[in-house]
Amino acid sequence: MQNVDLKKPEFKRVSNVTWEIPETFKEGMRVPVRVYASEKLLKEMDLQVFDQAANIAMIPGITKYSFVMADGHSGYGSPIGGVSAFDIHKGGVISPGIVGFDINCGMRLVLTSLTLEDIRPKIKELTDALFKKVPAGVGSKSKLALSKQDFVELAESGSKWAIKKGYGWKEDLDATELNGIADWADDSKISEKAVQRGVTQIGTLGSGNHYLEIQYIKPENIKDSAIAKKWGLFPNQVVIMFHTGSRGAGHQIASDYIQIFLKVMERKYKIKVNDKELACAPFNSNEGRDYYKAMGCGINISFANRQLILHRIREAFSETFKKDAEKLGLRQLFDIAHNRASLEEHEVDGEAKELLVHRKGSTGSYPPGRREIPKKFRADGSPVIIGGSMETGSYLLVGGSNADDTFDSTAHGSGRTMSRTRARKTTNGKELFQKMLKNGIYVKSVSWSGLAEEGGESYKDIDEVVNSVDKAGLSKKVCKFIPLANVKG
Amino acid sequence: MAYKFVEDTTVSDVAFEAEAPTVQELFASCGAALINTMIKNLADIKPRIKRVFSIETEDIEKLLFDFLEKLVFYKDTEQLVFNRFESDIRESSGNWNGIFSVYGDKLDPKRHEFLVDVKAVTMHMFEIEKTDKGWFARAVLDI
């Protein structure tokens, strides 16, 4: 159904992994679309991806290109794996739909001093402990009894709030984008509904593609041994990776502002969009600034959510191994988001421009020296965490030398190829569980059907995705992680 | 309840379409589709908790959107899911008013088989219209 009436673009080959769709593809496009993917991945993308990227190419202030990353697939309004930068001094907009509903949804990677040999005998006990500690699944409820006032403080100060309350280590902030706080956040810009949804869900994993995984590094999977060593990675090391965001609060903020923007977009700002999900307002408008401040709260809620989950992970490891988390080396390597709009300075045709870079299902990938990179990584480039499906593995990369081609953006995951409704029909959750167990991956899931939707067959080939962005020089491979156990909502 | 989940309308999320002879039945079908995205068997939900709410909007599209969002809100804030939906929907002077009574149950993993969480209702391809046979609606839910 999705491809009915959709035109197949004629791609201009820019390189082996870069393709361009000209402005003539769809009337009203202000800039071309650029896709960063191998030919195989390009051919597998559904036509809606290009149509959605072209719709974004029509929006005022868009600069250079509307981008699609190698993991691109169709979403609602904007494709997942979409990047668009808007010149805020030339009427450029801010759009909740192009940011994504799950504001600041992202990945956190935690190291351990444990090896594969240490963890094998404990893997089931540990995973079950994690499953008990970290609420997951439909309607999962926070284990914290926060007051609304507590939550409002959290929404203004992010991970810093969590550390102040004892949920983490001070050094975690140095290993988090923005040091764990969007300092422009203003809680007066979020609704009571957002607060109510947030209070009940903070510290929960969620469901869908959100997960918590125990992984290890096969010696041959270290691709950049100098950076790996510098960042504390070693062969056969066990690491923890998890993926979650701002939960119901972030979604409520996005929903609230889409409705606000729909009321003023055409009438007040004369902006027309092809999909209501692309509702937007000029960044330099009252409505635009209000959303930016509200989005800041969403960013903080997301950072705090991951910080609280890290605290529970440390508790679960400590209780299982009967040792302090410090002694087990549970040090956070990095926390990075892939649903956000960031104000950044970039050079465009030789001129420095202040751009609002929207990344929806796209990770910031900053080359060495960029001020967006926390100090401890600035000389190397930003760590980039790309989560694969629960069957196939995940990657750590570092910002590449060509990242400025995409306003310092790269892929964020495997990218789905099969719809959830179809996956549910073709995959049996219990059979998948047994198959994964046979392959050495233990899964603890709230739902068999939810598990069935997240099997490896529903996703693109993660190696192909990562090789594409590596070849394009957007991000360079550091190492690959192999899954050992997975907690799913 | 006349609704179906539509394959491949969206790759990462869930889409449903509903049809009904009356607008009241359409809202009930859409409510059931949203809950059925999260809970496998609606019959497992006992209609023992009632919530009543009213919504006033400028058009029928926004009325349906707000109704579905309210169900997501109850799931997130009170862990409530519903399987009976009653409504009194009227149009007057260009405004749409709905008074809704919904009946359901606290989420319970022992009694309810969970599927996936609905995080939001989106405006993408969102549609409600009067047809020759009655009413039609489509929605894409963010997962």
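The model is predicted, so please read every value below as computed from it. Chain B puts 39 residues in contact with 50 residues of chain A, and the two chains bury about 3,900 Å² between them.

**Strand E13 of chain A and its partners**

- Strand E12(A), residues 339-348, pairs with E13(A) in the antiparallel sense over 10 bridges.
- Within that pairing, Val348(A) has Glu351(A) as its bridge partner in E13(A).
- The hairpin of E12(A) and E13(A) has two residues between the strands, and Asp349(A) takes a positive phi near 50° there.
- Strand E5(A), residues 80-87, also pairs with E13(A) in the antiparallel sense, over six bridges.
- For Gly82(A), the bridge partner in E13(A) is Lys360(A).

**Nonpolar cores**

- As background, nonpolar side chains in soluble globular proteins tend to be buried together.
- Here the largest nonpolar core holds 147 residues, and the members that touch the most others are Ile253(A), Phe27(B), Leu34(B), Phe67(B) and Leu68(B).
- Leaving aside residues up to four places away in sequence, Leu34(B) touches Phe16(B), Leu68(B), Leu71(B), Val72(B), Val118(B), Val121(B) and Leu141(B).
- There is also a second, separate core of 38 residues, which includes Leu212(A), Ile240(A), Phe242(A) and Phe317(A).

- The size of an interface is often given as the accessible area lost when the parts come together.
- For chain B and chain A, that area is about 3,900 Å², with 53% of it on carbon and sulfur atoms.
- Three salt bridges are counted between chain B and chain A.
- Glu61(B) and Lys276(A) meet through their side chains in a salt bridge, at 2.5 Å from N to O.
- Between chain B and chain A, 15 residue pairs are in polar contact, with both residues at pLDDT 80 or more.
- Several elements of chain B each supply at least two residues to the side that touches chain A: strands E1 (3-6), E2 (14-20), E6 (120-121) and E8 (135-142), along with helices H1 (23-38) and H2 (60-78).
- Helix H2(B) gives the most to that side, with nine residues.

**Asn55 of chain A**

- Asn55(A) sits in helix H2 of chain A, which covers residues 47-56.
- Is Asn55(A) buried or exposed? Asn55(A) counts as buried because its relative accessibility is 6%, and the cut-off for buried is under 20%.
- Asn55(A) touches Lys26(A), Asn274(A) and Leu278(A), again not counting residues up to four places away in sequence.
- Asn55(A) and Val33(A) are 22 residues apart along the chain, and their C-alpha atoms are separated by 9.8 Å.

**Thr244 of chain A**

- Thr244(A) lies in strand E9 of chain A, residues 237-244.
- With a relative accessible area of 0%, Thr244(A) is therefore buried.
- Which backbone oxygen does the side chain of Thr244(A) reach? The side chain of Thr244(A) reaches that of Leu205(A), at 2.8 Å.
- Residues that Thr244(A) touches, not counting those up to four places away in sequence, are Cys105(A), Gly106(A), Thr204(A), Leu205(A), His210(A), Asn305(A), Arg306(A) and Ile309(A).

Conventions
Residues are numbered from 1 along each chain as its sequence is written. Chains are lettered from A and ligands numbered from 1 in the order in which they are written. This is a predicted model: local features need pLDDT of at least 70, side-chain atom pairs count only at pLDDT 80 or more; totals for chains, interfaces and linings use all residues. Side-chain values use heavy atoms; hydrogens and water are left out. Two strands pair if DSSP finds at least two bridges between them. Helices (H or I, at least four residues) and strands (E, at least two) are DSSP runs, numbered from the N terminus. A nonpolar core is a set of buried Ala, Val, Leu, Ile, Met, Phe, Trp, Tyr and Cys residues joined through side-chain atoms within 4.5 Å. Buried means under 20% relative accessible area, exposed over 50%, partly exposed in between (1.4 Å probe, protein chains only). Contact means heavy atoms within 4.5 Å. Buried area is the accessible area (1.4 Å probe) that two parts lose on being put together, summed over both. A salt bridge is a side-chain nitrogen of Lys or Arg within 4 Å of a carboxyl oxygen of Asp or Glu. A polar contact is a pair of N or O atoms within 3.5 Å; within protein, one must be able to donate a hydrogen and the other to accept it, and residues adjacent in sequence count only if both atoms are side-chain atoms.
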